[in-house]
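This briefing describes the structure shown below.

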Amino acid sequence: MSALGVKRKVAVVGAGITLFRRRLKETGRELSFYAAKMALDTAGITLADVDAVVCGTAPDAFDGVHMKGEYLLDGMGGHKKPFVRVYVGGGTGVFTPIAAWWHVASGHFDIVLAVAEEKMSSCFPHPQKAFTTIFDPMLTRPLGANLVWIFALEMQRYMHVHGVKKEQIATIAVKNKRNAVDHPCAQLADPKITVQDVLNSEVMVWPVQRLDISPPSDGAAAIVLAAEHVAKRLTNDPVWIEGVGWCLDSTYWTNRDLYYPKYVEYAARMAYKMAGIKNPPKEIDVAEPYDPFDYKEAHHAEGLMLVRKGEYLKDVKDENDIFAKYGRDGDLPICPSGGLLGVGNPIAAAGMMKICEIFWQLRKEAGKRQVKNDPRTGVAQAWGDLMQVGTVVVMRA
Amino acid sequence: MSARIKEYRGTYVSRKDLEEGRVPAVRDKPEARYAWAAGVAMGRFLAELKEGRIIGRRCRRCGRVLVPPRMFCEWCFRPTDEWVYVRDTGTVLTYSISHLGPAAERIEEPIPIAVIQLDGASPGVGMLHKLGEVKFEEIRIGMRVKAVWKPPEEREGAITDILYFRPLKEGEGQEGGE
C-alpha cells in the first residue's frame, strides 16, 4: 500500500489514436472503434481480455445526442461489460485514465480500456453555440456571452498580474504548431509559423487572436491499463501510472482571481504526493500541460509547479528562446506532441492524446517527436468547465 | 504517435462536402424550451435589479459579501446570514473586447466586457458585465466604473436591466477604490 492507500500498481500497456481534423466523415462510434482497436492491438490483447471500459466524452450538446456515453458504448468496446462515462468538461481527457486507474488499482479489474472521443463538427452553425449553454442562464447568457470571453478575461488578468506580453505568449503557439509537424494525426501543424503571424491573426476576443486558440476537432484516443501482474506478462515496457490528482473550484468564476489556477496546483499536489515527487522541475522530464490557448500552457505549467508563478515566459523574447527552454531538446520539454494548438482539440480526445504522448515518450517510441533527455517521468494535465477543473496524471517508465 | 504504428485512421471532409450532399448527412433541429425558476437568492437579486439596486448575501463565518448572492456559503458550507445592498459603482478586475457573438460569428460593433468588483462586495468577488461610453484603448484593470441602468419602466428583473458600466467621472464614487 502506498501513502495514499493505493492497493495495486497500474500500468499503461497500449495506446491508440485517430487523425484529428476539423470534420471527419466517421461517426463518434467509428472513431472510438479505430482508437480502441489500435490500443488493444498495440497491447497485444483482444476485447475478450478487457474486464471493464471507461468512456470520456464532453458535452452531449456537441452531438445533439443525450446519453452520449451509451451512444458511444458499442464503438468503445463496452458491450455487455461494466461501462461508465466520466465527464469533467475539458478536464475529461485526463480524468478518463484516472477513472480507469482506480478501476484497476482497487483490485476490482485487471485490464481496463479507456476511450475518449469528441465529434464537434456535427453542431451548426458552430460548436461554440452549444458551448454557451454552460453559462448561467440568468447571469451570463443574457449578456450574449461567447465562450472565448472567459479565456480572454483570464489571459488579460494573467498578463496584468505578471507583466507578461502578448509577444511572449505567442511563442507558445509557435512552438506547439511547429512541434505538431512531426505528429501524424495533427490538424494545424505549421513549420513556418512565426510570432508575427500570431500577432497579425484576426482578433477574436481581445487579447485572444485566432492563432492563440486551438481549433474545434473530431477525433478519438484510447489506452489500455493493466494491473502489475498482468502488465508484466503483456510487455517489457510498461509505463506506470504513479500519480493521479484532480480538483474542482467553484462555478462562480468571477469570484476568484483568474491569474493563477489554484485548483490545478491542488490536483498536481495530490498526484505528486502519490508519486513521491518533491521537486517537480527536477524530477519531471517531459510535460504535456493543457494548451487549448497559448497562455494556458504558461498558466498550467505554473499550476503544475514546473516553474514559479508568473515565470514560465521569463526571459522568453522570441521563437528561439521558447525552444531553448521548452523544445524537445530544451531544458524541460513541454508539449512535444504539438499540443492542442497543433494537433487539434477534440475535447476529451485531446486530453487523452496527451496521455498517449507521455506513454510514447517514456517508451522511447515517439519517433521524430522523441525528447532528447532520456525521459523517465512525465506529467499530463487537462483543464476545463468554467475555468475550474484540474486533472493530472504522473507516469513513469 | 508510436513509431511502430504505420497508419492512422480518419477521413477528412469539408463543411461544403456535408452541406452540398457529397457526404450523406441527416439533419435535425432539436427544440428544447426552458423556464428556469430563478431560485431563492437569484430571485431576490433579479427583483432588486428591477428596482435599480444590487443585492448580495453576507456569510458571517468567513465574512464575505457574495455577489451574485447565494443562500449558502460554498466555503463554510452553511447558510448565509443576511442580505446586503452593494453599490452600483465598482472596479474593473479584468476586461476584454469581443469581436464574436455567441455562435462565434463576427459582430460589427465589438463589445467591451469586464469582471467588476462592486463597492461593498468582498475583495476579488466580481461580476461579469459589459462596458460602455468608453474608448477601448482607455480601458484599464483598476478603472472605476458605474452602472448605467435602463429606465425604470423598461426594467424586467434581468441582468440586462443594467445596460453596461461606464467610467466614473471626476469626483464620482470616491468611497470605493481598488
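Two strands are taken to pair if DSSP finds at least two bridges between them. In this predicted model, strand β5 (residues 203-206) of chain A is joined by 2 bridges to β6(B), and the two strands run antiparallel. W206(A) has I97(B) as its bridge partner in β6(B).

**Contact between the chains**

- In the contact between the two chains, 54 residues of chain A meet 47 residues of chain B.
- On the side of chain B that touches chain A, at least two residues each come from α1 (15-19), α2 (40-50), β6 (89-100), β7 (106-118) and β8 (127-130) of chain B.
- The element that gives the most to this side of chain B is β6(B), with 7 residues.

**An open sheet in chain B**

- Chain B contains an open sheet of 3 strands in the order β2-β1-β5, with antiparallel pairing.
- Its edge strands, β2 (65-66) and β5 (82-86) of chain B, each pair on one side only.
- Strand β1 (residues 54-58) of chain B is joined to β5(B) by 5 bridges, and these strands run antiparallel.
- Within this pairing, R58(B) has E82(B) in β5(B) as its bridge partner.

**Overall form of chain A**

- Chain A holds 15 helices and 11 strands.
- The C-alpha atoms of chain A occupy a box of roughly 50 × 45 × 40 Å along the principal axes.
- Buried residues make up 64% of the 397 residues of chain A.
- Among contacts in chain A with a separation of 6 or more, 79% are between residues 24 or more positions apart.

**Helix α6 of chain A**

- Helix α6 (residues 147-162) of chain A has 16 residues, which at 1.5 Å a residue should span 22 Å; the end C-alpha atoms are 24 Å apart, in agreement with that expectation.
- Because 13 of its 16 residues are buried, α6(A) is largely enclosed by the rest of the structure. A residue counts as buried here if 20 or more other C-beta atoms lie within 10 Å of its own.
- The residue that follows α6(A) is G163(A), with a positive phi near 65 degrees.

Notes:
Residues are numbered from 1 along each chain as its sequence is written. Chains are lettered from A and ligands numbered from 1 in the order in which they are written. This is a predicted model: local features need pLDDT of at least 70, side-chain atom pairs count only at pLDDT 80 or more; totals for chains, interfaces and linings use all residues. Helices (H or I, at least four residues) and strands (E, at least two) are DSSP runs, numbered from the N terminus. A residue is buried if 20 or more other C-beta atoms lie within 10 Å of its own, exposed if 12 or fewer, and partly exposed in between; C-beta atoms are placed from the backbone. Two residues are in contact if their C-beta atoms, placed from the backbone, lie within 7 Å. The expected span of a helix is 1.5 Å times one less than its number of residues.
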